[in-house]
Amino acid sequence: MAPPLAATATGRRAALALVLVAAACMARRSEGIGVNWGTQLSHPLPASTVVQLLRDNGFDRVKLFDAEDGILTALRGSGIQVMVGIPNDMLADLAAGAKAAEDWVAKNVSKHVNNGVDIRYVAVGNEPFLETFNGTYLNTTFPAMQSVQAALVKAGLAGQVKVTVPLNADVYQSPTGRPSDGDFRGDIHGLMLTIVEFLAATGAPFVANVYPFISLYRDPNFPLDYAFFEGSSAPVVDGGVTYQNTFDANHDTLVAALRRNGYPNVSVVVGEVGWPTDGDANANPQYARQFNQGFLTHIASGRGTPLRPGPVDAYLFSLIDEDQKSIEPGNFERHWGVFYYDGKPKYPLSLRGGGGGGDNGSALTPAKGVVYLDRKWCVLKPSVSLADQKVGDAVSYACGLADCTSLGYKTSCGGLDAKGNVSYALNSYYQANDQDDRACDFRGIATTTTVDPSAGSCRFIVEIAPTTSAAAAPTTRLAAVLAAFICMYLLPML
């Protein structure tokens, strides 16, 4: 029997309301964007300043690489969802038994959740199956995940906080280059299926780090336009699908691997995606903006990828430059930030998609209340000859302990002359050591100046003032200054 008209109308209104709510939720999910907050800086901004930076710019999720108490405390009541990380060097201890995992969860999850921090994920390890690690973490990663999961269950948090592991895109591949032929890497295939089964059983996402820049960096023949989102002269044709950009093809290679092995419904989160601005010929603000804006506009559309239509959850890499990151992969590693070390935006970026440039919301908001050291710099004395052995010694020492990754071919400081290069190196060391007078001597070849030596795209920094969160750093920096004194003065006398 047909229902009464009133009931039908009520049902339609209810259905419409549900559709609108669902649409709003989907829009919210597709509009929101996460970001990685790394802390390998000589002079980190105060955690409260960074949290305000996140909020001012509309980041609604943050991924941390460690459980730093000060940072988690600063996130309390912020409304920002948190993925808290466990470093690889802790995996063995967590895998060894329940006690270590229970202690870690109590200290770094339960405590902060109870105090109003919205922790959603625990990231156990960071890219532990990279081939460059030579299998170091193969036997400890999954047991550590199990231990943390058991600890969360015991703490009554397993429904809210999910356990996952961020993995580099090298854990899956396609023998033909077509995304639909994707599968997990042969040497870890069984382990990957064990982890994916765990993720499926617990409702946790597969977290993959996707870097088109790395593809370009490693392969000089890689088509540049395929790294971006404006269409490619060398697309990948996969049956009835044409892939016009690296991101979609990489993402769908993972989706195909999940389908191939019986896990089509495991969700995917892009744990890291971005483009550096310095340290390599293809790392510059123009390309970084082009890639990041293209990516944000792409995911804001809500279309997803050919094999996984719909919203894409992603965390940009990264928030702020980190001058103490390892440069073993390349000098660009210290320049992934959307913001400079001091929280100033590098380029316009609309986090909600759109074209950037002149559209509303494209101007990022800088960090507020940043306190700098005095406006002075350390430079090479004009009278000093470049042929002086002390010059070469000083540059080698300064660059060994400070950040000189902006020097080099087609970098931001690539246009400096020889003396400019020397001054840049000396100033980097001077600023890293809080402008200590002893850090601007180098056996008499350096001097301080109040005239900014920056030139063109090359920025000679003035470091931000140390914060209480880096209370131990002054002692470390003082030790470095004393070491410089010994190397520059005492050793030549021996």
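Reader: Are Cys378 and Cys440 buried or exposed?

Author: Both Cys378 and Cys440 are buried. That word means under 20% relative accessible area, while exposed is over 50% and partly exposed sits in between (1.4 Å probe, protein chains only). Before we go on: this is a predicted model, where local features need pLDDT of at least 70, side-chain atom pairs count only at pLDDT 80 or more, and totals for chains, interfaces and linings use all residues. Residues are numbered from 1 along each chain as its sequence is written, and side-chain values use heavy atoms, with hydrogens and water left out.

Reader: What makes Cys378 and Cys440 a disulfide?

Author: A disulfide is a pair of cysteine sulfur atoms within 2.5 Å. The sulfur atoms of Cys378 and Cys440 are 2.1 Å apart, and they form a disulfide. Cys378 lies in strand β16 (residues 377–380) and Cys440 in the loop between α12 (418–432) and β17 (446–449), so the pair ties together parts that are 62 residues apart in sequence. Those helices (H or I, at least four residues) and strands (E, at least two) are DSSP runs, numbered from the N terminus.

Reader: How many disulfides does a search of the whole structure find?

Author: The search turns up 3. Another one joins Cys399 and Cys404, with sulfur atoms 2.1 Å apart, and there's also the link between Cys413 and Cys458, at 2.0 Å.

Reader: Why is the disulfide of Cys399 and Cys404 called left-handed?

Author: Check the torsion about the S-S bond: for Cys399 and Cys404 it is about -90°, so this disulfide is left-handed. The link of Cys413 and Cys458, with 85° about the S-S bond, is right-handed.

Reader: Why does Cys404 count as buried?

Author: Cys404 has 11% relative accessibility, so it counts as buried. Cys399 has a relative accessible area of 28%, so that residue is partly exposed.

Reader: What pattern do the disulfides of the chain follow?

Author: Count the bonded cysteines along the chain and you get 1-5, 2-3, 4-6.
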